[in-house]
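Here's a quick briefing to read with the structure open beside you.

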Amino acid sequence: MVVKNTLSGILFDIRRYSVHDGPGIRTTVFLKGCPLNCWWCHNPEGKSPQIEIFQRENRCIRCGACLEVCEAGAIIQHNDSFETNRAICTLCGACVEECYADARELVGKRMTVAEVLAEIERDRPFFQQSGGGVTFSGGEPLFQPTFLGALLKACRSQGIHTAVDTCGYAPWEILDRLRQDVDLFLYDLKLIDEERHHWFTGVSNRIILENLRHLSALGHNIFVRFPIIPYINDDDQNLHLMTEFLLSLPQKLPLDILPYHASALHKYNGLGVEYRLKDTPLPEQERLNEVKDFFEKAGLLVRIGG
Amino acid sequence: MTMTERVARLRQQSLEAIPTLSGERAELITEFYAQNLGFISEPVRRALAFQYLMEHKTIYIGEGELIVGEKGPAPKAAPTYPELCCHSLEDLDILDSREKIPFKVSPEVRKLYEEKIIPFWKGKSMRDLLFREMTAEWKAAYEAGIFTEFMEQRAPGHTVLDDKIYRKGMLDFIEDIQRSLANLDFYNDPEAYDKQEELRAMEIVARALIRFAERHAEKARQLAAQTSDPQRKAELEQITEICTWVPAHAPRNFWEALQYYWFVHLGVTIELNTWDSFCPGKLDHHLLPFYEKGLADGSLTREKAEELLQCFWIKFNNQPAPPKVGVTAAESGTYTDFAQINLGGVKPDGSDGVNEVTYLLLDVIEQMRLLQPSSSIQVSKTNPDAFIQRAGRIIRTGFGQPSVFNSDLIVQELVRQGKSVIDARCGGSSGCVEVGAFGKENYNLTGYFNLPKILELTLNNGVDPRSGKQIGIRTGDPTQLKSFAELFEAFRRQMNYFIDIKVRGNQVVERLYANYMPAPFLSLLIDDCILRGKDYHNGGARYNTTYIMGVGLGTITDSLSAIKYHVFDQQNLSMRELLHLLQTNFEGNERKRLMLVNRTPRYGNDDDYADSIMRQVFEAYYQAIEGRKNTKGGEYHINLLPTTVHVYFGSVTGATPDGRKAGMPLSEGISPVQGADRHGPTAVVKSAAKMDHVRTGGTLLNQKFTPQLLQDEEGLTRLTHLIRTYFNLDGHHIQFNVVDAATLRAAQANPEQYRDLIVRVAGYSDYFCDLSKTLQDEIIARTEHTSF
């Protein structure tokens, strides 16, 4: 089938030699936009499907070039800092262009399938050597289904191993259309209790659990990923429910525990968004080991990290 | 982690010993030269000098030592070589008191220098002669920091031993010498007499080394008689026996093999202060037969072999590099003397060279965790991944060892230079990253060449802005250049001008060493000096290579890229404006500087715009040097490595168009400018691999890793794949710094708490606290951008 390589979508990063995103040396392509709103999200710049302005205060050299160039009048000088009124900012990018200190950045970039593929192909020698490939992540890659579908097909036609890192929140029809071109799903499971899931992510998990069951029934290659967040989903009840659910699936799926980390704080600041988990501690190693033991005793194949 | 009590103690002593400057060798050599020996040839004079040293130097056998012999009278008591470089009293004071890399000078040594050494050698050393023989152009370029001169304080060496000493004793070498003497053809060979003198000299030194070992045997016998500890007595008796047997005869077992090498090492490094000291090369290959035989006949256990190797390692660590001053101290500011032990690689028939002893040596490296000797793995496609992963477990402990070389590419490089494929396979890397046919080649590194400084001169029409002197050629007013091609042509002409000057100097220096400083002992060890009856410095080796090492590849690439992009392509900066920015060191123009830093396509990002400029620079440098004839029947080739010279060169180079401020370090090796690589290690590897490494004699790529990236098995596997891919793409060498910037900052602030922190510098490792502040900052900058 012919892939429309002129099709475009919005990305917010392409990261080479990415770790924890599947086997081998991989390039991870981050698609922008996510239907969930998880409290702990470590890629807040991936949530909105729109391009956004991002500021790195510590890089600013106070030259004022941004202020001069802003036609919308969205930049306000406050003593020593140059703030952006996001309400009137037109995202024209002029200030970013002029900011040689790279203190201002547009998060999100429209790229065509051909352009993204060209970036991915740069590391082909590493993929071949290591059994790696590309991982589509986000945001939520399924949120741009046509674009993702075209990317997957393009990679597939080039013989590049594909992984999709997803929260699973998409109509089954979409997954069904794409799944043939996915070599590996990295499938996030956060909370089994529907109400709590809704509270901490903004959506019900029913469709997520159903989609996982379907994929498993169809024999897909899946790694389940459990981001463990103290006080939110590391309680025994959630662990029990997770185990029960995972054991009820047609396949026995490997489970990767991803310990929560607070490295995203500066991103929230840069986007001018409040971070709701400011005071959450990092998971204790001891607790992580307990969780791992718990799952292992239940007969699951578990790794910390991954 | 196994270390016997003996090894732990000897290791600790080695770590704690304070480097001192010993006057013994200086005094002996002066006594020797003070004799009137009448008319004798220089090779014989040098041989008799060697004999005199071997006969009279202090014999040291430390408590509990299994491998014996020191270069000086005691561990870390560094001898000096006044015939090569006679330190002034001021030099001694600097050496004694400088903050980094000091050598304590006792009042007695100072007095000795004042009364005997300096009056005898002042103005008469090789160093004095060398500078006298250089042209005014050469001196101007040297003083401006265009290039350095390796031979101004130290002798050419830069070579490595092959397997010959494990097959032949000194008495066997003497037989070879006598055969060559017998074959001299006085009727048809006009050099027959010169060859006779050289061969006689070689015989004298071979016998002198046997005598040196006998003196150790005598000492051990005395100590054995004195000790009341039966175990030590037995050991000393065994040492007596060993030192009586080797080096006169070929070694019979593992212990003798190590002791023999060590005597040879001492011989080479006492004869002259050879660069890169000396090295056993492929130690795992050489030791395997002794190891297997010992295990088979029950005379050796793995534990005993391990302990002997550990003692052997400590011996290397006891020998700081000869005390250096001036530019040489700046370009090579370290106690490390660059002995680099090769592991793995291929056998002479091209098959997998990894063996049991390879893994044993890796264990020893990990346990010893010493600066010296340096170690490297030679990775061939025939080697198992398990070998790289084993080494990776040491790399991730963060002391920069072992470094990683592409064994298959080294074979290609050596074959391209004209070596036989077998000689190439028996070769490897030494010093930092340079390649050689072990036991058969004289491959001299003659000096570093400051590529960004050439651009600075080009942008100033041949004037060095630091001194205001017209030291280069007039390549034209840069504001009148119409294209990047014209600029590059001006840069190329300027570079060729200085390469000519450097080469002319080298040709003279080579003859100075050939005429006045023959090295009969080193000649004994390198094929085909005996066969040809010629000295190592005079074309005796089978292969003779002269290298000039390019420095600042990242800085020059990014600087040219900045000019091409901003001045000619985008035209958002005129040449005049750029020159003004450089002259004023970007003062008051941080924004423009950041434009140059952040809006220029830069090397290390897998960006063809910049990488093609890197290739252009490489090509121009290669064309300027490759294939020129040296005085030893060999050729010039290039390599790209810096040791610590990128700091010195940076200090004499003004602001550069890539946004680097005046005086800051240049980029090192073929690594990107510190912090310019923004797309992670695969992009760096891709950029670096665009260079045609096959046409070099070594390149140095530094890669930073945060410890987190290597903490688990998967991280190690990924590292293995990264290495394999770089080598699939024909990269030469890669080394890893696995330490985060925060740790380095803490060490800088509280050095006393981080005394044992070792980092990879460039081709070697060093204690972080022993590095200059500028170099520390440079390494922190390299480590900084780790967002991937």
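Is B:Lys381 buried or exposed? With a relative accessibility of 69%, B:Lys381 counts as exposed. Keep in mind that you're looking at a predicted model, and that the numbers below are computed from it. Over all chains, the structure holds 90 salt bridges, and a handful of them get a closer look here.

**Salt bridges in chain B**

- Exposed B:Lys381 has a partner: its side chain meets that of B:Asp408 in a salt bridge, at 3.8 Å from N to O.
- B:Lys381 sits in the loop between strand 4 (374-379) and helix 16 (385-395) of chain B, while B:Asp408 belongs to helix 17 (residues 407-416) of chain B, so this pair ties together parts that are 27 residues apart in sequence.
- B:Lys453 and B:Asp464 also meet through their side chains in a salt bridge, here at 2.8 Å from N to O.
- That pair links distant parts of the chain, with B:Lys453 in helix 19 (residues 451-458) of chain B and B:Asp464 in strand 9 (residues 463-464) of chain B, 11 residues apart.
- As for solvent, both B:Lys453 and B:Asp464 are buried.
- B:Glu489 and B:Arg492 make another salt bridge, their closest N and O atoms being 2.8 Å apart.
- This one stays inside helix 20 of chain B: the two residues are three apart, about one turn of the helix.
- B:Glu489 is partly exposed at 32% relative accessible area, and B:Arg492 is partly exposed at 28%.

**A network with members from both chains**

- Some salt bridges join up into a network.
- From chain A, the network takes in A:Arg16, A:Glu119, A:Arg122 and A:Asp123.
- From chain B, it takes in B:Asp606, B:Asp608, B:Asp611, B:Lys686 and B:Lys690.
- As a general point, side chains of opposite charge can pair when their charged atoms come close.

**Strand 8 of chain A and its neighbours**

- Six of the six residues of strand 8 (residues 133-138) of chain A are buried, so the rest of the structure largely encloses this strand.
- One pairing partner is strand 2 (residues 26-31) of chain A, which runs parallel to strand 8 of chain A over six bridges.
- In that pairing, A:Phe30 stands opposite A:Ser137 of strand 8 of chain A.
- Strand 9 (residues 161-166) of chain A also pairs with strand 8 of chain A in the parallel sense, over four bridges.
- Here A:Gly133 stands opposite A:His161, which is in strand 9 of chain A.
- To get from strand 8 to strand 9 of chain A, the chain passes through helix 5 (residues 145-157) of chain A, making a right-handed β-α-β crossover.

**Buried polar side chains in chain B**

- B:Glu70 is in the loop between helix 3 (42-56) and strand 2 (77-78) of chain B, and it's buried, with a relative accessible area of 1%.
- The side chain of B:Glu70 makes polar contacts with the side chains of B:Lys315 (2.8 Å) and B:Gln319 (2.8 Å).
- B:Thr696 is placed in the loop between helix 28 (680-689) and strand 13 (702-705) of chain B, where it's buried at 0% relative accessible area.
- The B:Thr696 side chain reaches the backbone oxygen of B:His693 at 2.8 Å.
- A polar atom of the B:Thr696 side chain also lies 3.1 Å from the backbone nitrogen of B:Gly698.
- B:Arg25, in helix 2 (residues 24-34) of chain B, is buried too, with a relative accessible area of 4%.
- B:Arg25 and B:Lys71 are 46 residues apart along the chain, with their C-alpha atoms separated by 9.4 Å.

**Partly exposed nonpolar spots in chain B**

- B:Phe186, B:Tyr187 and B:Tyr193 make a nonpolar surface patch of about 430 Å².
- Of these, B:Tyr193 lies in helix 9 (residues 192-226) of chain B and is partly exposed, with a relative accessible area of 47%.
- B:Val508 is in helix 20 (residues 484-516) of chain B, and counts as partly exposed at 27% relative accessibility.
- From B:Val508 to B:Thr446 it's 62 residues in sequence and 12 Å in space, C-alpha to C-alpha.

Terms used: Residues are numbered from 1 along each chain as its sequence is written. Chains are lettered from A and ligands numbered from 1 in the order in which they are written. This is a predicted model: local features need pLDDT of at least 70, side-chain atom pairs count only at pLDDT 80 or more; totals for chains, interfaces and linings use all residues. Side-chain values use heavy atoms; hydrogens and water are left out. Buried means under 20% relative accessible area, exposed over 50%, partly exposed in between (1.4 Å probe, protein chains only). Two strands pair if DSSP finds at least two bridges between them. A crossover is right-handed if, with the strands pointing away from the viewer, the path from the first strand over the helix to the second runs clockwise. Patches are made of residues with over 30% relative accessible area and no salt bridge: like charges are joined within 9 Å, nonpolar side chains (Val, Leu, Ile, Met, Phe, Trp, Tyr) within 5 Å. Accessible areas come from the Shrake-Rupley method with a 1.4 Å probe; for residues, only the protein chains shown count as cover. A salt bridge is a side-chain nitrogen of Lys or Arg within 4 Å of a carboxyl oxygen of Asp or Glu. A polar contact is a pair of N or O atoms within 3.5 Å; within protein, one must be able to donate a hydrogen and the other to accept it, and residues adjacent in sequence count only if both atoms are side-chain atoms.
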